Amino acid sequence: MSEYEQVVEAILAIPKFTKEKHDFSVLRTYLAALGNPEQGRRVIHVAGTNGKGSVCHMISGILQKAGRKVGEFYSPHLVRMNERLRVNGREIRDRQLVLGYKETERIRKERNLPQLTFFELLFVIALWFFREEEAEDIVLETGLGGRLDATSSIPADLFVITQIGMDHEEYLGDTLEKIAGEKAGIITSDAPVVFHTGREEADRVIRARAEVYGCSAVVNAGEVKLHEQENTPLGIDFSFQNDYDMYDHVFLPTGALYQVDNSITAITAAAFLLPELPKEDMKRLVKEALAGFAWEGRLESVRPGVYLDGAHNPSAARVLAGSIQRLYAMGDWKESQLVFGASGDKNIREVLKELCTFPWDRIILTRYQGTRSASVEELRRLIREICPKIGADEKRLVLADTPEDVLQYINIPGPEEQDGGDIFTVITGSLYLVGEFKRIYQDDQF
């Protein structure tokens, strides 16, 4: 086993989810011992239930087009841990991850500090990495919630809050207002706030938090006028107007309708980050950045007609279902199939209700590796309740113990095939499941 593999194994052995969090003083002690690598860099902090990773990636892309060097911190990863830590889109190298881990371990042992949690450790390594690479800006995706998240341990220059819905209720609360309160917890100074939650009750919570801190600007990116939206097989062309400007014909090379809202959020945020740019230059940068946008695991086409999406809560499943309807209507398919696997602690029933608004010809149930994955028997019971016609038909409802087993049931075109065959396939329900299919795809097992 290589040194890199040993480090990854050690990090993965640290618990990922815990209600017990360290006081920020522990994190700040580590950062101080590293010379506070976040200082001297502009920090953009993004929280939300859905869309925060996409918005981070879009903001980063716009800043890069403006010539900025951008550190990016994401959660979770799909295939390799390195995906979480990037500078200008390039993942941290294996040797750098090893060095960053050794630095934090040295500090822990020398100062007899508590062991950082999984997420805290990667966050500290990320900030060390960004300094090593001389990043000018840092875009942080919150891991869980916001108020107690490790990413809130350092000051931010801009706060961004994306779509909010019910998820992680056992950690964040059982009402939308409570969840919004945890997300709004990233607001810890008078820096500007950009939000686009899609829910009025969440908006009120964010405005109240921003008022407490006297934020210099509080902008609802959802308060725009969408003038035009054209959906084509190549992507989405849309135009919108906000209080500041008009954006004509912004093109997104994706079939995911929900990325329009995410784009508007990112564009609104970017206006605070590049105030010196003339309006026309800003529009050009935005269009160039979004025209090249691609984000793994979000209605990602891995083969013609085969899409991966990590929709794992009801609100994400709802917007995914709308995109599925659009994509299917634009194709010449003879059959549709849903491949589904989910974590047992999620609201699987409501997720399936949303996904089953589409008339699937076949549903294939599976599970990912790990103790959190729901069993295929539990999923079958829910399908029989929610989609009784499919649930009662053995030919239309298929059980597969692993993602590898799924491959024997579905006809997925090879990488050299361009027409996509006759089958429209969506693989969703969990980012962990998507990650396993990504790994299979990258290993050319399709």
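**Exercise 1. Find the salt-bridge partner of Arg-106 in this predicted model, and work out where the two residues sit.**

Solution. 
- Step 1: Look around the Arg-106 side chain. Its partner is Glu-103, with the closest N and O atoms 3.1 Å apart.
- Step 2: Check that against the cut-off. A salt bridge needs a Lys or Arg side-chain nitrogen within 4 Å of an Asp or Glu carboxyl oxygen, so the pair passes.
- Step 3: Ask how open they are. Arg-106 comes out at 32% relative accessibility and Glu-103 at 26%.

**Exercise 2. Which parts of the chain does the salt bridge between Glu-3 and Lys-102 tie together?**

Solution. 
- Step 1: Start with the distance: the closest N and O atoms of Glu-3 and Lys-102 are 2.5 Å apart.
- Step 2: Glu-3 is in helix 1 (residues 3-12) and Lys-102 is in helix 4 (residues 94-111), so the bridge joins parts 99 residues apart in sequence.
- Step 3: Glu-3 is partly exposed at 40%, and Lys-102 is partly exposed at 43%.

**Exercise 3. Where in the chain do Asp-345 and Arg-372 lie?**

Solution. 
- Step 1: Confirm the contact first: the two side chains form a salt bridge, 3.1 Å from N to O.
- Step 2: Asp-345 is in the one between strand 14 (335-340) and helix 12 (348-355), while Arg-372 is in the one between strand 15 (362-365) and helix 13 (376-386). That puts them 27 residues apart, linking distant parts of the chain.
- Step 3: For accessibility, Asp-345 has 39% and Arg-372 has 23%; Asp-345 is partly exposed, and Arg-372 is too.
- Step 4: Zoom out. The whole structure has 26 salt bridges. Some join up: Arg-42, Arg-68, Glu-136 and Asp-137 are linked in a network.

**Exercise 4. Which residues have the most contacts inside the largest nonpolar core?**

Solution. 
- Step 1: Pick out the core, which has 60 residues; Phe-73 and Phe-130 have the most contacts inside it.
- Step 2: See what supplies it. Helix 5 (residues 118-132) gives the most, with 12 residues.
- Step 3: Look at who surrounds Phe-73. Leaving out residues up to four places away in sequence, its contacts include Phe-119, Leu-122, Phe-123, Ala-126 and Phe-130.
- Step 4: Apart from the largest one lies a core of 35 residues, including Phe-238, Phe-240, Val-250 and Ala-266.

How values were computed. Residues numbered from 1 in each chain as written. Predicted model: local features only at pLDDT ≥ 70, side-chain atom pairs only at ≥ 80, totals over all residues. Heavy atoms only, no water. Helix = DSSP H or I, 4+ residues; strand = E, 2+ residues; numbered from the N terminus. Buried < 20%, exposed > 50% of the residue type's maximum accessible area, 1.4 Å probe, protein only. Core = buried A, V, L, I, M, F, W, Y, C linked by side-chain atoms within 4.5 Å. Contact = heavy atoms within 4.5 Å.
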